[in-house]
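Hi,

Here is the structure I promised to send over. Have a look first, and then read on for what turned up in it.

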Amino acid sequence: MISKGKSKTAAEKEWLEMVVSYATESGWLTNMYAGYCNNPTQFQIDHVLGAQAKRKINGVSVKVGEFAIMPIPMELHDITSNHPLNRTLKPRAYRDEFGHETEVWERLVRDMKNWLQISGETLPFDNDLIEAVMR
């Protein structure tokens, strides 16, 4: 989804495709959320900081919102779900169980790095962006 008429950059599109592929092809969602929802592999993309979020990197304001995304089971994200751990409706309950969203995102990125390494791929951003998201 493109927010407020804003187009994604090539790197943002590449990252979204990588996240969707990882969520679809790896067992990450099942490993992370099995036992908490009925179908952890049916997912939506969550903007951890908001799609338009910016952070300072080396003194320059950089758009990081489209990089700070993660797959999350529909039951735990969709506004129509009344799941007790729904991140959208009950963020504190989600955080109490899984950790802060930025921590979950950082775990996703770390696991994806290892997964991508097998195919010789790399992330479309560097550690500076990861550190900025974590602030």
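Before the details, some ground rules. This is a predicted model, in which local features need pLDDT of at least 70 and side-chain atom pairs count only at pLDDT 80 or more, while totals for chains, interfaces and linings use all residues. Residues are numbered from 1 along each chain as its sequence is written, and side-chain values use heavy atoms, with hydrogens and water left out.

Now the overall picture. The chain has 5 helices and 4 strands; these are DSSP runs numbered from the N terminus, with helices being H or I of at least four residues and strands E of at least two. Reading from the N terminus, the order is α-α-β-β-β-β-α-α-α. The radius of gyration is 15 Å, close to the 14 Å that the globule rule gives for 135 residues, so the chain is as compact as a globular protein of that length. (That radius is taken over C-alpha atoms, and the rule is 2.2 Å times the number of residues to the power 0.38.) Along the principal axes, the C-alpha atoms fill a box of roughly 40 × 35 × 25 Å.

Of the 135 residues, 41% are buried, where buried means under 20% relative accessible area, exposed over 50% and partly exposed in between (1.4 Å probe, protein chains only). Among contacts (heavy atoms within 4.5 Å) between residues at least 6 apart in sequence, 60% join residues at least 24 apart.

On to the aromatics. A search of the whole structure gives 9 aromatic pairs. Rings of Phe, Tyr and Trp (its six-membered ring) pair if their centres lie within 6.5 Å, and planes under 30 degrees apart count as stacked, over 60 as edge-to-face and the rest as tilted. Take Y36 and F98: their ring centres are 4.8 Å apart and the planes sit at 70°, so this pair is edge-to-face. It links distant parts of the chain, since Y36 is in the loop between α2 (28–33) and β1 (43–47) and F98 is in helix α3 (residues 91–98), 62 residues apart. Y36 is partly exposed at 30% relative accessibility, whereas F98 is buried at 7%.

F98 also pairs with Y94: centres 4.9 Å apart, planes at 45°, so that one is tilted. Both residues lie in α3, 4 residues apart, or about one turn of the helix. Y94 is buried, with a relative accessible area of 0%.

Next, helix packing. α3 packs on helix α4 (residues 101–119) at about 45°, with the axes 9 Å apart. Axes are lines fitted to C-alpha atoms, for helices over the stretch in contact, and angles run from 0 to 180 degrees between N-to-C directions. That makes α3 oblique to α4: under 35 degrees counts as roughly parallel, over 145 as roughly antiparallel, 65 to 115 as roughly perpendicular and the rest as oblique. P91, Y94, R95 and F98 of α3 meet E101, V104 and R107 of α4. By class there are 4 nonpolar, no polar and 3 charged residues in this contact. (Ala, Val, Leu, Ile, Met, Phe, Trp, Tyr, Cys and Pro count as nonpolar, Asp, Glu, Lys and Arg as charged, and the others, Gly among them, as polar.)

Helix α1 (residues 10–25) packs on α4 at about 85°, axes 11 Å apart, so α1 and α4 are roughly perpendicular. This contact involves residues including W15, M18 and Y22 of α1 and W105, L108 and W115 of α4, and its residues divide into 10 nonpolar, 1 polar and 2 charged.

V104 is buried at 0% relative accessibility. Leaving aside neighbours within four places in sequence, V104 is in contact with W28, M32, Y33, M70, Y94, F98 and G99. From V104 to M70 is 34 residues in sequence and 8.2 Å in space, C-alpha to C-alpha.

N58 has a positive phi of about 55° although it is not a glycine. Most residues other than glycine have a negative phi. N58 is in the loop between β2 (54–57) and β3 (60–63), and is exposed, with a relative accessible area of 69%.

Cheers
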